[in-house]
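These are my notebook entries on one chain. I record what I looked up and in what order.

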Amino acid sequence: MADTQLTQIKVFCPCCGGERNHNVLAKVESPNPPFSLGYDRYYIVECAGCENTAFFHEFGPPWVLEYDPVTGEASKFASTSRYPACHQRQRLTFPLGSFFGNDYASDVYRIYDETYDALGNNLSTLCAYGSRTIIDIIVTHLADDRGSFPDKIKRLAASNVITTAQASSITAAFDAGSASAHRGWCPQEADVLILLDVAEMLINQFVINPARQQHTAEATTNLSARVPPRPKKPKSATSAPTSPSAPTTTDLT
Ligand SMILES: [Zn+2]
């Protein structure tokens, strides 16, 4: 049954990056909730800040609800699902210019996007393997596809492309991702976030920052072309000027 009375609910907005009031555009209460005294509600909501639209499903038994003392509205729910799913961790922003003619950056972005989709859906193993894949792509891009992964890391550290501390972090994250894919290790969310930290460290350093530096270089070149040149100073006289205070013969007569 559709509820035409518009209200607001406070839920996470991935665009704003925090809890925001959302206008309820439509609300449907299922007549057959999964619990005999529970509830089963569906919302289409719009962020009151950025107007991002999402779909929410809330259901649960009544004993976990908290009620507003004035309106009687339930304010806390046992289970809430958001579509499209998202995690509260803020995604990196890729400069648009980083993709043009750059298959490497495009591949990193595509897998990064899918990895966050996995994170939002609590698919820890897929998220761990996505992070591992990102690490592998960037390391192989930097070190060339020669030898094993440890060989590539050694070459990058020896040439100071990465620090020794980064080499250790990257190796540990890569091995954890391999364990989730090949050795049956089920990472917890905290583990997955560590893998993402390492993947995002590499993305920032070797995908996003180079693109920003290139954009800044092009922008400053264009800026220099628009800035008026410094006016030329008048040429200095070749002979020493006569002192204005020095009396002349004419002045004395
Ligand atoms: Zn928003």
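I began with the elements around H5: what covers its buried residues includes H1, H2 and H4. Helices (H or I, at least four residues) and strands (E, at least two) are DSSP runs, numbered from the N terminus. A residue is buried if 20 or more other C-beta atoms lie within 10 Å of its own, exposed if 12 or fewer, and partly exposed in between, with C-beta atoms placed from the backbone.

I noted the basis of the entries. The model is predicted, local features need pLDDT of at least 70, side-chain atom pairs count only at pLDDT 80 or more, and totals for chains, interfaces and linings use all residues. Residues are numbered from 1 along each chain as its sequence is written.

**Entry 1: the chain.** I found 5 helices and 6 strands, in the order β-β-β-β-β-β-α-α-α-α-α along the sequence. Of the 253 residues, 19% are buried.

**Entry 2: helix H5.** I listed its buried residues as Val192, Leu195, Leu196, Val198, Ala199, Leu202, Ile203, Val207 and Ile208. H5 also has a kink of about 40 degrees centred on Asn204; the bend at a residue is the angle between axes fitted to the seven residues ending there and the seven starting there.

**Entry 3: the core.** I looked up the largest nonpolar core, which has 29 residues. Such a core is a set of buried Ala, Val, Leu, Ile, Met, Phe, Trp, Tyr and Cys residues joined through C-beta atoms within 7 Å. Helices H1 (103-120), H2 (124-143), H4 (164-182) and H5 (189-226) each give two or more residues to this core. Val108 is among the residues with the most contacts inside the core. Two residues are in contact if their C-beta atoms, placed from the backbone, lie within 7 Å. Not counting residues up to four places away in sequence, Val108 touches Ile134, Ile137, Ile138, Ile203 and Val207.

**Entry 4: H2 and H4.** I found that their axes come within 8 Å and cross at roughly 135 degrees. H2 is therefore oblique to H4. Axes are lines fitted to C-alpha atoms, for helices over the stretch in contact, and angles run from 0 to 180 degrees between N-to-C directions. Angles under 35 degrees count as roughly parallel, over 145 as roughly antiparallel, 65 to 115 as roughly perpendicular and the rest as oblique. The residues that meet include Ala128 and Ile135 in H2, and Ala173 and Gly177 in H4.

**Entry 5: Pro33.** I placed Pro33 in the loop between strands E3 (18-29) and E4 (39-47). Pro33 counts as partly exposed because it has 16 C-beta neighbours inside 10 Å.
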